[in-house]
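Subject: The structure we talked about

Hi there,

Here is the structure for you to open and turn around on your screen. My notes on what turned up in it follow below.

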Amino acid sequence: MKDEYDVVVVGAGPAGAYAAATAASECDVLLIEKRQEIGNPVRCAEGVSKEGLARFLPPQKRWIANNIASARIFSPDGTVLEVSEELAGPEVGYVLERKIFDRDLAKRAAQAGADVAVRTRATGVIRENGFICGVKVRHLGESLEMRAKVVIAADGVESQLARWAGINTTLKPIDLESCAQYLMTNVDLLDDCCDFYLGSEAPGGYAWAFPKGHQIGNIGLGALASKLQSKHPIDYLNAFAERHFPDGQPVELNIGGVPVSNAARKTVADGLMLVGDAARHTDPITGGGIINALEGGRLAGEVAKQAVRVQDPSLKVLKQYEAAWRASFGKKLERNYKIKDIFVNLSDAELNKLIRSLEGLRLEDMSVAGIIKRLISRNPRLLAGVRHLF
Ligand SMILES: Cc1cc2nc3c(=O)[nH]c(=O)nc-3n(C[C@H](O)[C@H](O)[C@H](O)COP(=O)(O)OP(=O)(O)OC[C@H]3O[C@@H](n4cnc5c(N)ncnc54)[C@H](O)[C@@H]3O)c2cc1C
């Protein structure tokens, strides 16, 4: 590591690694990660759409655990809505091996010329004349200062960079899914099908079972922090696993949060850009964030190069990044936040009614938006609050 770079990226998840790889084609880049192993622990159910991923990377066998051809959505009373591949549109995809995927992304950044440092935690920002011009780090017990023309905060849901830079990204309990997940063996799952369970087993969220190979899969759930009723998400997970997978045995447990808020109102400052979960770019309905993290990373990397090229890392230049992500996926996040607000408050009886209303229907568009549109047309009163969004 040197003590001065064009661009320092904090956090080697998908957003940070993709931003670093993009910027490194022209700039001197450092990518730092506080963990000793990139990609581990896995705080993710690892589901991703094929079409989404293909926009960024050619799929590699080594980081695909399973090809997913269909999905099933279970209502609280067990009614099933089946979504097959030819109808599912862009929502079908892969279950990834993020331990390998995230490392490959970091490897791409290194191969593009970035320096990568693990066990290196950002502990503060360096600020001069109102500009963020570097980060303070702890690296293997040593305190160091890394100066940079541009800092990219890709430090995930718990992002501290934003706060240190004076940007408020605090999540209210109604905007945070508290998640717990087992990688579980001895589970009978359809090989190529992802299952979603709605209702009070995961209040304000949903539970999932994603297959990762023979008799093994990600069994998890996210519950809205405001609806946990002083229980821990693991309590809900244990109850869910006992009911649906009584023979299951955990081989790994992961706990994590997913922002289901609006995107951060401000994602740039002089010398700084926020990307991925740090910018609250996860989808408020599904909690999926990998694809938007890659897209945000790409856009931030491009704008960082531009700022270095014109030697101007001020807000004036960096705000191109904010305009770009808003044009790309900002509208969808806004719409889905409003939809989420209605769905998290539906009772089990109402969810049963919704899923039953689509039973046996052959839908042409089974994307999340497509399903919601059909639900609205079949249940106009129950979903009156979201009708105007389509
Ligand atoms: C249980 C669960 C299930 C999920 N399932 C899915 C799913 O199926 N599909 C999907 O698309 N999304 C899913 N998500 C969301 C997805 O994991 C995130 O949206 C995605 O990882 C965001 O990428 P990121 O790069 O922004 O953040 P992260 O992947 O969280 O990476 C941030 C990195 O920053 C590092 N870091 C943090 N602070 C510092 C610091 N001070 N210094 C240095 N490094 C730091 C962290 O260690 C971490 O490696 C899930 C999330 C959870 C919690």
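Let me start at a turn. In the hairpin formed by β9 and β10, two residues sit between the strands, and Asn 129 has a positive phi near 50°. Please keep in mind throughout that this is a predicted model.

If you want a pair to look for on screen, Arg 121 has Arg 138 of β10 as its bridge partner.

Asn 186 belongs to the loop that links β12 (176–185) to β13 (193–198). As background, most residues other than glycine have a negative phi, and most peptide bonds are trans. On the peptide-bond side, the bond joining Asn 40 and Pro 41 is cis, with omega at about 0°. You will find Pro 41 in the loop between β2 (29–32) and β3.

Now to a sheet. β3, β7 and β4 make an open sheet of three strands in the order β3-β7-β4, and the pairing is antiparallel. β3 (47–49) and β4 (64–67) are the edge strands, each with a single partner, so one side of each has no neighbour in the sheet. From one strand to the next, the twist averages 30°. Between β4 and β7 (residues 93–96) there are three bridges, in the antiparallel sense. Asn 67 is placed opposite Tyr 94 of β7.

Next come the helices. Two packed helices are described by the angle between their axes and the distance between the axes.

α1 with α4: helix α1 (residues 14–23) packs on helix α4 (residues 98–111) at an angle of about 20°, and the axes are 8 Å apart. α1 and α4 are therefore roughly parallel to each other. The crossing of α1 past α4 is left-handed. From α1 the contact uses Pro 14, Ala 17, Tyr 18, Ala 20 and Ala 21, while α4 brings Asp 102, Leu 105, Ala 106, Arg 108 and Ala 109. By class, this contact of α1 with α4 has eight nonpolar residues, two charged and no polar ones.

α1 with α7: the angle here is about 30°, with the axes 7 Å apart. That makes α1 and α7 roughly parallel to each other. α1 passes α7 in a right-handed crossing. Among the α1 residues in this contact are Pro 14, Gly 16, Tyr 18 and Thr 22, and those of α7 include Ile 290, Leu 294, Gly 297 and Gly 301. The contact of α1 with α7 divides into 10 nonpolar, five polar and three charged residues.

α7 with α8: helix α7 (residues 290–309) and helix α8 (residues 315–343) pack at about 155°, their axes 9 Å apart. What does that angle say about their directions? α7 and α8 are roughly antiparallel to each other. Their crossing is right-handed. The α7 side of the contact includes Leu 299, Ala 300 and Val 303, and the α8 side includes Tyr 321, Trp 325 and Phe 329. For the contact of α7 with α8 the classes are 10 nonpolar, five polar and one charged.

Finally, the overall layout. The domain assignment of the protein chain gives domain 1 as 4–43 + 99–170 + 262–341, domain 2 as 69–88 + 173–259, and domain 3 as 348–389. How far apart are the C-alpha centres of domain 1 and domain 3? They lie 36 Å apart. Five residues of domain 1 and four residues of domain 3 make up the contact. The domain 1 side that touches domain 3 has two nonpolar, one polar and two charged residues.

Definitions and conventions
Residues are numbered from 1 along each chain as its sequence is written. This is a predicted model: local features need pLDDT of at least 70, side-chain atom pairs count only at pLDDT 80 or more; totals for chains, interfaces and linings use all residues. Domain bounds come from an automatic or database domain assignment. Two residues are in contact if their C-beta atoms, placed from the backbone, lie within 7 Å. Ala, Val, Leu, Ile, Met, Phe, Trp, Tyr, Cys and Pro count as nonpolar, Asp, Glu, Lys and Arg as charged, and the others, Gly among them, as polar. Axes are lines fitted to C-alpha atoms, for helices over the stretch in contact, and angles run from 0 to 180 degrees between N-to-C directions. Helices (H or I, at least four residues) and strands (E, at least two) are DSSP runs, numbered from the N terminus. Angles under 35 degrees count as roughly parallel, over 145 as roughly antiparallel, 65 to 115 as roughly perpendicular and the rest as oblique. A crossing is left-handed if the near helix is turned anticlockwise from the far one by less than a right angle, and right-handed if clockwise. Two strands pair if DSSP finds at least two bridges between them.
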